[in-house]
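Dear colleague,

Please find the structure below, followed by an account of what was found in it. I would be grateful if you would read the text with the model open beside you.

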Amino acid sequence: MPAVEFAYPRDELARIAEAALAQARTLGADAAEVSVSEGRGLSVTVRRGALETLEHHHDKGLSVTVYVGQRQGHASSSDLNPEAIERTVAAAVAIARLTAEDDAAGLPEAQRLADPQRVPDLSLFHPWALEAEAAIELARACEAAALAVDARIANSEGATVSTQAQQFVLANSLGFLAGYPTTAHSLSCSVIAQDEEGDMERDHWWDWRRDPLDLEPAETIGRSAGRRAISRLGARRIPTGTYPVVFDHTVSGSLLSHFVHAASGGALYRKASFLLGKLGERIFSPLVTVLEDPFIPKAPGSAPFDDEGVATARRTVVAEGVLQGWFLSTYSGRKLGLPSTGNAGGAHNLLVPPTHDGREALLREMGRGLLVTELMGHGVNPVTGDYSRGAAGFWVEGGEIVHPVSEITIAGNLLEMFAAIRGVADDTRPCHRYRIGSTLIEAMQVAGD
């Protein structure tokens, strides 16, 4: 992609947003919010050295939410022509007039909106002047490095190179108008290893960055994918029992993901969360503190304001195990009688300070138990916190990995698991939105042989 690729100047997106707001007022809306965006990208996949897919995309869109009293209507369009904008706004107003009143509906309070004149530059936009041929060669180099790791790498699921750029403007009838561009670039590779008995195992590796200069080299990603696949050969089940478990840093973020879902306003006001009534209580081990920082340069979850224009802020969500706050939008906050926390659209970068230097230190502390490197299935009940998922990884004896493990299930309850955390390593990667290292849980049920 060329370094400058957008078809619409930013001030043109702003003009479109303002025209839509004016149209909403003309049609009788009491308040309105408009988002206008444009995105372009290139994605290439190579398998066994041959080009499998090549995709260019150029998307644009308009999203309009209007309020007629306490009635809300929403409409969207991928056409930014004036006539299409008028039709879209008219549709949103017509929908609002037909919906029921909702006391929680409406724009955020003006004082909670970010200052459009003081939006910080978080270094989220780094275009990659990557042409299709260069992307193909990069994917080939990544896959070739994986295949060269070992003669037992028998097949490939391919290597993919992707580069995306987007810009948007968000405006509302309170006078807020701001936006910024972002980029997202990634490299990934997945291969299959096969042993002499014909048993096969697959694994992968990947990297994602705002700035292409920060990506791991293609050959490094390929070699990591190959080595991970080889390491899984000879996997077997283990006896059913209760064991300590280390969640590798590649899967430990899922623990935070389950926490965020349960601590989000939508689950709370619907009373569909195992964290109901837990604010101010200790829900994690005292070793665990969870920080939210939307202002980390180049990070995947960084944003100066949320999807409603509400200013984001650094905060402590969990302090030494004690739950300090929720993840709320304007609507969910009003349903709960609380202010927005600037989380319309989800949590921002979450960070868990480590207690151990590296995964190896956790394995030594565990001594004997299970290291989980892959999770399968969706066996998590967000209402009760009951947890049961397929897993694969490695068996550990004397603090050292002794053999790979597959075809097992790990089970527990998330509140009990959170409370049983005995250590967090410092092996996080900057490509993760939820930065929690490998995590030791004192005991879980493991179903094997």
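Phe259, Phe274, Phe284, Phe327 and Phe418 are linked into a cluster by ring pairs. Please bear in mind that the model is predicted. In total, a search of the whole structure gives 11 aromatic pairs.

One of these pairs joins Tyr180 and Phe305, whose ring centres are 5.7 Å apart with the planes at 75°, so the arrangement is edge-to-face. Tyr180 belongs to strand β5 (residues 177-194), while Phe305 is in the loop between β8 (290-292) and β9 (315-319); the pair therefore ties together parts that are 125 residues apart in sequence. Both Tyr180 and Phe305 are buried.

Within the cluster, the rings of Phe274 and Phe418 have centres 6.4 Å apart and planes at 50°, so this pair is tilted. Because Phe274 lies in the loop between α6 (265-269) and β8, and Phe418 in helix α9 (residues 414-419), the pair ties together parts that are 144 residues apart in sequence. Phe274 and Phe418 are likewise buried.

Two arginines also involve aromatic rings. The charged end of Arg315 sits over the ring of Phe327, at 5.1 Å from the ring centre; Phe327 is also a member of the cluster. The charged end of Arg429 sits over the ring of Trp206, 5.5 Å from its centre.

Turning to the helices, α1 (residues 10-26) contains 17 residues and reaches 25 Å from its first C-alpha to its last, close to the 24 Å expected at 1.5 Å a residue. Which residues of α1 are buried? They are Leu13, Ala14, Ile16, Ala17, Ala20, Leu21, Gln23 and Ala24. An α-helix has 3.6 residues a turn, so residues three or four places apart point the same way. The elements that cover the buried residues of α1 include β1 (31-47), β2 (50-68), α2 (82-98), β4 (153-172) and β5. After α1 comes Gly28, with a positive phi near 105°.

Strand β12 (residues 369-376) pairs with strand β13 (residues 386-397) in the antiparallel sense over 7 bridges, and Leu370 stands opposite Trp395 in β13. Strand β13 is also joined to strand β14 (residues 400-413) by 11 bridges, and these two run antiparallel. Here Gly393 stands opposite Val405 in β14. β13 and β14 form a hairpin with 2 residues between them, and Gly398 in the turn has a positive phi of about 60°.

Terms used: Residues are numbered from 1 along each chain as its sequence is written. This is a predicted model: local features need pLDDT of at least 70, side-chain atom pairs count only at pLDDT 80 or more; totals for chains, interfaces and linings use all residues. Side-chain values use heavy atoms; hydrogens and water are left out. Rings of Phe, Tyr and Trp (its six-membered ring) pair if their centres lie within 6.5 Å; planes under 30 degrees apart count as stacked, over 60 as edge-to-face and the rest as tilted. Helices (H or I, at least four residues) and strands (E, at least two) are DSSP runs, numbered from the N terminus. Buried means under 20% relative accessible area, exposed over 50%, partly exposed in between (1.4 Å probe, protein chains only). A charge sits over a ring if NZ of Lys or CZ of Arg is within 6 Å of the ring centre and within 35 degrees of the ring normal. The expected span of a helix is 1.5 Å times one less than its number of residues. Contact means heavy atoms within 4.5 Å. Two strands pair if DSSP finds at least two bridges between them.
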